[in-house]
Amino acid sequence: MRISELEKIIKNETRRVEKEFTFEERQANLKPQEVAKYIDHTLLKASSTPLDIQALCKEAKDNNFYAVCINPTYVSLSKEILTDSDVKVATVIGFPLGANTIETKVYESENSIKNGADELDMVLNIGRLKAQQYDYIYEEIHAISPLTKDAKKLLKVIIETCYLSKEEKIAAVVISKLAGADFVKTSTGFGSGGAELEDVALMKFLVGNDMRVKASGGVRDLETALKMIGCGADRIGTSSGLKIIQGRI
């Protein structure tokens, strides 16, 4: 898609936000165990071992979490462990900086799908977005979205909200939607900040019913998770899943 078209659509959506969007903090009325189906049980530490991943997958199965989210090297292992369960395998692409080439992200996506990933959480190129190279951002997402659609997988785009202005957040969400992503996601958890309620609400306002929103980064207790869901999150990415469903502070 040409950059002039993208700029026009982004400007229109920015005006719509200015006129229609208002933030109101809300909290979902769910029991702790009901929150389990929103959770991507996450372990992305560089020091994670195969034994750590095995424990993560067992916890996900035992507690009915929606998915595990792990680094690409552990996709095959996770898929093998979770074969006889409903738990999905999500992995990360271009993680955590988003600064890989498009070709690298495409290969990483193809390889992850081949190894059994059900969902791909791709970090968009933050520097290119901030430089307003909107055609580049569209191209990199659109290079992957047909792969996931053909394989009946999901593509989440991580926009790393902590580094972006409100206008840049709008641009990232709008382009993700146009390029065929299934989700927009707040954070890697490795940036300078995590999910904010107002960002989640803004993202949900922009995507409407056409896409979903994943809140990740700093969601460590039940109250925060319920507020994220209340403000529009369809999924919660967290390494504190057990703590959340046990209702611990």
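Helices and strands here are DSSP runs, numbered from the N terminus. The model shown in every view is predicted.

**View 1. Gln 132 sits in the loop between helix H6 (126-130) and H7.** Its phi is near 60 degrees, a positive value in a residue other than glycine. Most residues other than glycine have a negative phi. Gln 132 counts as partly exposed, because its relative accessibility is 47%.

**View 2. Glu 160 lies in the loop between strand S5 (154-158) and helix H8 (166-178).** Here too a residue other than glycine has a positive phi, near 45 degrees. Is Glu 160 buried or exposed? Glu 160 is buried, because its relative accessible area is 2% and buried means under 20%. Glu 160 is also among the contacts of Lys 185.

**View 3. A cis peptide bond joins Phe 95 and Pro 96.** Most peptide bonds are trans. Pro 96 is placed in the loop between S3 and H5.

**View 4. Three positions carry the UniProt feature "active site": Asp 121, Lys 185 and Lys 214.** The feature comes from an unreviewed entry. These positions are spread over 94 residues of sequence, yet they cluster in space, and the largest C-alpha distance is 9.9 Å. From this set, Lys 185 and Lys 214 belong to the lining of the largest pocket.

**View 5. Asp 121 is found in strand S4.** Asp 121 is buried, with a relative accessible area of 0%. Beyond its neighbours within four places in sequence, Asp 121 touches residues including Cys 69, Ala 90, Thr 91 and Lys 156. Lys 185 and Lys 214 are also in contact with Asp 121.

**View 6. Lys 185 is found in strand S6 (residues 183-185).** Lys 185 counts as buried, because its relative accessibility is 3%. What does the side chain of Lys 185 make a polar contact with? Its partner is the side chain of Asp 121, at 2.8 Å. Leaving aside neighbours within four places in sequence, the contacts of Lys 185 include Val 157, Met 203, Lys 214 and Ser 216.

View 7. H3 has 14 residues. From first C-alpha to last it reaches 20 Å, close to the 20 Å expected at 1.5 Å a residue. The buried residues are Ile 53, Leu 56, Cys 57, Ala 60 and Asn 63. Asn 64 follows H3, and its phi is positive, near 60 degrees.

**View 8. Helix H5 (residues 102-114) has 13 residues.** They should span 18 Å at 1.5 Å a residue, and the end C-alpha atoms are 18 Å apart, which agrees. Buried in H5 are Ile 102, Lys 105, Val 106, Ser 109, Ser 112 and Ile 113. Seen down the axis, these residues fall within an arc of 135 degrees, so they line one face of the helix. They pack against H4, strand S3 (88-93), strand S4 (119-123) and helix H7 (134-150). The face turned away from the buried side carries the exposed residues Glu 103, Tyr 107 and Lys 114. Just after H5, Gly 116 takes a positive phi of about 115 degrees.

Terms used: Residues are numbered from 1 along each chain as its sequence is written. This is a predicted model: local features need pLDDT of at least 70, side-chain atom pairs count only at pLDDT 80 or more; totals for chains, interfaces and linings use all residues. Side-chain values use heavy atoms; hydrogens and water are left out. Helices (H or I, at least four residues) and strands (E, at least two) are DSSP runs, numbered from the N terminus. The expected span of a helix is 1.5 Å times one less than its number of residues. Buried means under 20% relative accessible area, exposed over 50%, partly exposed in between (1.4 Å probe, protein chains only). The arc is that of the directions from the helix axis to the C-beta atoms. Contact means heavy atoms within 4.5 Å. UniProt positions are given in the numbering used here, feature names are shortened, and annotations may be inferred rather than shown by experiment. On a 1 Å grid over the protein atoms alone, a cavity is a set of points where a 1.4 Å probe fits but cannot get out, and a pocket is an open set with protein on both sides within 12 Å along at least five of seven lines; lining residues have an atom within 4 Å of a point. A polar contact is a pair of N or O atoms within 3.5 Å; within protein, one must be able to donate a hydrogen and the other to accept it, and residues adjacent in sequence count only if both atoms are side-chain atoms.
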